[in-house]
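Please open the model in a viewer and keep the sequence panel at hand.

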Amino acid sequence: MNADLIIKNAWVFQTPTRSFIKQNVAIKDNKFYYISPADIDYLSTNVIEAENQYLIPGLIDIHMHIESSMTTPTIFSEAVLRYGVTTIVADAHEMANVFGLDGLKEFMAADTTLDIFHAIPSSVPSTTPELETTGGVIGLAEVAKLLQDPRVICLGEAMNFKGIAYETDSLIAQIIDLCKKERPTMPMEGHIPKIYDQELADFLYSGISSDHTHQFPEQLLAKINAGLFIQFQNKSITPENMMVIHDNQLYDFACFITDDVMADDLLSGHLNANLLKAVQAGLPMEEAIYMTTYTPARRMSLLDRGMIAPGRIADFILLDDLAEFSINAVYKDGHPVYTKGEAIHYPEVIEEFPAEYFQSVHCRPLTPQDLRLAVKTDKEFVRCNVIQKQVVGTFTERVTRTIPVTNGILQIQEANIAQLIVMERYGKNGNIAHALMDQPLKKKGAIATTWAHDHHNLMVMGNDADSILLAQHELLKLQGGYVVVHDGQVVATCPLPIGGILSQAPIEELGADLKHVRQAMQNLGYENMNEIMSFSTLSLPVSPAIKVTDKGMMDTKSQTFYPLIFPEDGVLLHASID
């Protein structure tokens, strides 16, 4: 008998018992063939002596967005293989929000070493066209086409709570019904932040059965008992949550995912970092491995991987140190794709996107007049609805602030309030929405981006008119990305010229640019555990509790708009809702 590869004397992970046994492993035709504690006498010219090394399956990330790393599939593939990630399920709803089905097809056409399966973007837009403007829309016709593709294995995160739970004729409700009809056993993924009890039942009755949003220990067991499969992203990997999983032996009902990993964070880790964080939070290493390999594979019916056993795809990691999860080598389909110390090997051929993808930001430069918030009132002070961000996570709150009015102009700087503007950038209607934020910056400056979840319109926020204008103008020159201005000077940029959301620069270069942006935001006094995600989700109308689209400032649960000024006190003369 011949074998392509033999691994000798490795401590091999046993999935059923979540333990390690010293064994020998034979690989043939890209699959595991025979695993035994006895010597394997097959003929092979490729033998690895793995004494004192640990052999585990390749990591599987079943809920993530490549676009969150601001790169493209071919570059992303090479960047994450070194972290032991060999399979992902990508929900490219960011690409679809910008370019629709065509953009999604461009992503799916990429040739990668990494196995990439796809989720149907269910939320393009995340709410409805009446609440936000997007470049593309994924409707029933597009979903029907995607359902015919075998690379599509689940419905991506469904986010429109009101449309799913209470509006049977909504687009998302129709998409769910179509998926159940055409693929009745296909997993359907949910985005369910702070929804509990009766409202949770109303949501889950649709057939959605997972949640990856911010989890809290007091509700975690109830969610799992309600039938939810929990996908822990980084911020939910806490000692308290891990205790719930460990104490109740819930390893088959949850897994670890990345959801969003920024380009600068990708320089140091991916799903492996979340696995190690779970161990540091109190989860046994063996269970953490189980929840990043077998459990996610089973959730997505990827029955040919996630376990070291005969007939399974030979995706695996060799670890030097189990406790530190120190990776010595990564193999994909039985072939080495990374050895410790190697630099990233970028492919010679990467994706070729249409020329128009590099000229996709179509909105006018802001003028000083745009920033003068004219008010019709007979009062010297007016009460305003103001957004207050949190330091942890992406949630926001609505607060009331009283702001002076002089000569018919709202004096927001006197009140230590920043202005937030969202501009429609697809050339469809020219909407400009104005909102206010409660002291998000400690120094004079502005931040601008086109990487604004999920519609990716142009968003700029600042406490100084000159800085706001400069940031927005610089962003238009870049055709998208991130810009930070301090006191009238551009101090950091991260160009994202492909649709305003992606770059084909090497990860090292892209990550360094984003790191500079993050540091510049910190220097302005913007506080959050993830400054990039916090700022970018100020425009996400499915995240609690008050966000801004090009249509205005919105209560995301009721999907109703707030006026900037209390109606009893006055009227903003800018038209922010068409």
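Over residues 394-559, what are the percentages of helix and strand, and how far apart are the end C-alpha atoms? Select that span in this predicted model: the chain there is 23% helix and 35% strand, and its end C-alpha atoms are 18 Å apart. In UniProt, an unreviewed entry annotates residues 394-559 as "domain: Adenine deaminase C-terminal".

Next, select residues 54-336, which UniProt lists, again from an unreviewed entry, as "domain: Amidohydrolase-related". This span is 35% helix and 20% strand, with its end C-alpha atoms 16 Å apart.

**Helix α5**

Now select residues 171-182, which form helix α5. The helix has twelve residues, and the distance from its first C-alpha to its last is 16 Å, close to the 16 Å expected at 1.5 Å a residue. Colour the buried residues of α5, namely Ile-172, Ala-173, Ile-175, Ile-176, Leu-178 and Cys-179. An α-helix has 3.6 residues a turn, so residues three or four places apart point the same way. To see what covers the buried residues of α5, display the strands β8 (115-120), β9 (152-158) and β10 (188-190), together with the helices α3 (140-146) and α4 (161-166); the cover includes these elements.

**Val-244 in helix α8**

Move on to helix α8, residues 239-247, and centre the view on Val-244 within the helix. Is Val-244 buried or exposed? Val-244 counts as buried because its relative accessible area is 13%, under the 20% cut-off. Show its surroundings next: apart from neighbours within four places in sequence, Val-244 is in contact with Pro-217, Leu-220, Leu-221 and Leu-250. A distance may also be drawn from Val-244 to Phe-216, which is 28 residues away along the chain; their C-alpha atoms are separated by 10.0 Å.

**The cavity**

How many cavities of 30 Å³ or more does the structure hold? There is one cavity of that kind, and the largest cavity contains about 70 Å³ of space. To find the largest cavity, select its lining: Glu-78, Leu-81, Arg-82, Val-337, Tyr-338, Glu-342, Ala-343, Ile-344 and His-345. Two elements, α1 (73-81) and β16 (335-339), each give two or more residues to this lining. Colouring the lining of the largest cavity by class shows five nonpolar, one polar and three charged residues.

Conventions
Residues numbered from 1 in each chain as written. Predicted model: local features only at pLDDT ≥ 70, side-chain atom pairs only at ≥ 80, totals over all residues. Heavy atoms only, no water. Helix = DSSP H or I, 4+ residues; strand = E, 2+ residues; numbered from the N terminus. Expected span 1.5 Å × (residues − 1). Buried < 20%, exposed > 50% of the residue type's maximum accessible area, 1.4 Å probe, protein only. Contact = heavy atoms within 4.5 Å. UniProt positions renumbered as here; feature names shortened; annotations may be inferred. 1 Å grid on protein atoms, 1.4 Å probe; cavity = no way out; pocket = protein on both sides within 12 Å on 5 of 7 lines; lining within 4 Å. Points joined across faces, edges and corners; volume = space filled by probe spheres on them. Nonpolar A, V, L, I, M, F, W, Y, C, P; charged D, E, K, R; others polar.
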